[in-house]
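Please open the model in your viewer and keep the selection panel at hand. The tour goes from one selection to the next and says what is found at each stop.

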Amino acid sequence: MELQFTTLCNLRHHTGPPPAYLPKATAATVSASAGASSSSPEALKPRPRLPPQPVLHRRRELGPIALSSLCAAMERLVAEGRHLEARDAFRAVRVGAPFTPLPASTYVALVTAAAAMREAGVAAAVLWHMESSGFEPDLYMWNRVLGMQLACGMVGEAHQVFDGMPTRNHVTWCVMMAGLVDARRPLGALALFTELWEEVGGDAALRVVVVTVRAVTALGALRVGQQLHCCIAKTGMCENQYLSCALIDMYSKCGQVDEARRVFDRMSQKSVVAWNSMLAAYSLHGCSEEALDLYYNMCESSVDIDQFTFSTMLRVFSRLGLLEHAKQAHAGLIQRGLPLDIVGNTALVDLYCKWGQMEDARNVFDRMPSRNLISWNALTAGYGYHGMGHKALEMFEKLIAEGIAPNHVTFLAVLNACRFSGFVEEGKRIFQMMTLNQRMKPRAMHYACIIDLFGQQGLLDEAYSMIRKAPFIPTANMWGALLTASRIHKNMHLARLAAEQLLAMEPQKINNYVVLLNLYINSGRQTEASTVVETLKRNGLCIHAASSWITVRKKDNRFFFKDSLHTQSSEIYRRLDSLLKEIKQLGYVAEENELLPDILPDEQKTLTIYHSERLAIAFGLISTSPSTTLRITQCHRLCRDCHKVMKFVTQLTKREIVVRDGSRFHHFKLGTCSCGDYCSHSRGSEANSGLEKHGFMRQKAVWFDIAWRKAC
């Protein structure tokens, strides 16, 4: 009655339209109510009705035929890989038949689906249905349940199941240990192996031993791996190929390449997996020549290369500059009908970018069936290092337009492109985009790029301001960029400041002393230069002779300063002398007062025309056809005088020359270089005019900023 009274009071004071749950009044009701109201002022209104309550339907139980159909449907969906649909069908089974046991094949399918989706909730639901329905799993089913729990991250529950199993076989141990290794708990896997070894000794199954080797590899425990190898050798299991490949990988990851090669050589039969494991070991530790020799042996054997072989060897070809070898391997792969995956295609793009084949890199990129962010980063960085800043920015815009969020590597590639092409305004805008994004704050490498960009344009105050405003301690790369810019623009104050910081941070790095020494020599400050030389001698440092090499007819030809070891030395020097005479007639004037990177200090006052890169160019001119592009590789920075010589050589011979030095690529063509002559002077306003020439105008920035925010 209290509830009714409250409702009536609310109705009495209600002035709006009647509630929706009240019945509509008819004409007779309205007239009767009016009469009653006139005769009796205290007459009550009709009693309100409560809103209709929803009808609770009883759970619809599934009959045997419907349940059998659902079980068959779930098994078919799992076999077709449609795990989400199988999960939805299982929900209907849980509602309609929560206490009815399903066939064992259906439970196997559900366990497979839960493990594939890696959903702990689905795994728990399958286990609950097994228990509530009274289903009694056998050993095979318990092993499958164990694998499902480990795949879904239910390590604690898996331990409970493992400990509660009445019987176990080698599959049980293998599944449990492999799951722990995949869950990054290799110590737990080793503890289980120790327990198993105490029970069965040398009768442990081969698969269990392979998983144990994987656990040792994940730990990087060399001593444990050697002890395990001894136990394996005593049991006579070393002849197995899978175990041998696991041992090769273990020794490789532990830094013992020679031991890995001994295991490889002892194999009586070597599969493609064994060859790939050994090639990957050599590639991982930078043993490129050994990897190349092993690759030749593999090609001579009856084993065919696969995609993994090609992806591994691409890194080796890239380090050695063997473009023709990479092209031949790629062609062989296509002839066998083995298309490259996304990893192989990305490695091929990176290879072409590193060796100046930008058109080939773009063709491979455009033909890729699918791309990831690494693929975009590889091509963008390649354009940047080759001085094609406008194309790098185009790739960056396409990346954003496709809705892909860039990462720190992407921004580093774009900032490098702006640095090498002199795009100051674009570099500022992209750096500002990073600072405004809380998830993409600039790191030290990004600061070093923008500092070098400012330094190229002579904006030394802005460059030094970036170092002072950095939210962290400035790194050596940041001070090094400021030192290089200060040397080029002859700002002694900033150069000395940067040099002091660098020498304090990296006292054993010879390049810092060389840059400072060049600065003093160019400024005529011989006393300070002598002090730097004395410091070098006191610290036991010396400037080692650098080298340059060129590949002609698949053979590397290496040259040092004033080198006379080559079989064609006399012909090379005659061609170089005539070449220098011809370019002097075009206006070439030699640079002076520079410490050259491939000449020892005692030889600085001798002839400076026989630099290693010049000898390589002269050899290339006499050894190749007039239409061949010369590709020179060197680990030191290209000096200003050699940079000028190469410009005149391309103007004279109409040849293209691509030089990969210690910092970047230089594309020389018809008297110009892709670096914009940053080796000798600042570009100034030329870069900004080039920016507008390629269409990167300010009005595009608004659309670009909006698209970038959407992608992130």
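Contact here means heavy atoms within 4.5 Å, and the model on screen is a predicted one.

Begin by selecting helix α21, residues 373–385, whose 13 residues should span 18 Å at 1.5 Å a residue, in agreement with the 18 Å that separates its end C-alpha atoms. Because 10 of those 13 residues are buried, α21 is largely enclosed by the rest of the structure; among the buried ones are Leu 373, Trp 376, Leu 379 and Tyr 383. Just after α21, stop at Gly 387, which takes a positive phi of about 75°.

Next, turn to the aromatic rings, for which the count comes to 14 pairs. One of them is formed by Phe 193 and Trp 197, a tilted pair with 5.6 Å from centre to centre and 40° between the planes. Both residues belong to helix α10 (residues 186–200), where they are four residues apart, about one turn of the helix. Phe 193 counts as buried at 8% relative accessibility, whereas Trp 197, with a relative accessible area of 28%, is partly exposed.

Move on to Phe 264 and Trp 275, whose ring centres are 5.1 Å apart and whose planes stand at 75°, so that the pair is edge-to-face. Phe 264 lies in helix α14 (residues 257–265) and Trp 275 in helix α15 (residues 272–284), so this pair ties together parts that are 11 residues apart in sequence. Both Phe 264 and Trp 275 are buried.

Finally, select strand β5, residues 665–669, of which four of the five residues are buried. Strand β4 (residues 656–660) runs antiparallel to β5 and is joined to it by five bridges, with Glu 656 standing opposite Lys 669, and a hairpin of four residues connects the two strands. Strand β6 (residues 672–673) is also antiparallel to β5, through two bridges, and Cys 673 in β6 is the bridge partner of Phe 668. The hairpin of β5 and β6 has two residues between the strands, and there Leu 670 takes a positive phi near 55°.

Note on methods:
Residues are numbered from 1 along each chain as its sequence is written. This is a predicted model: local features need pLDDT of at least 70, side-chain atom pairs count only at pLDDT 80 or more; totals for chains, interfaces and linings use all residues. Side-chain values use heavy atoms; hydrogens and water are left out. Buried means under 20% relative accessible area, exposed over 50%, partly exposed in between (1.4 Å probe, protein chains only). Two strands pair if DSSP finds at least two bridges between them. The expected span of a helix is 1.5 Å times one less than its number of residues. Rings of Phe, Tyr and Trp (its six-membered ring) pair if their centres lie within 6.5 Å; planes under 30 degrees apart count as stacked, over 60 as edge-to-face and the rest as tilted.
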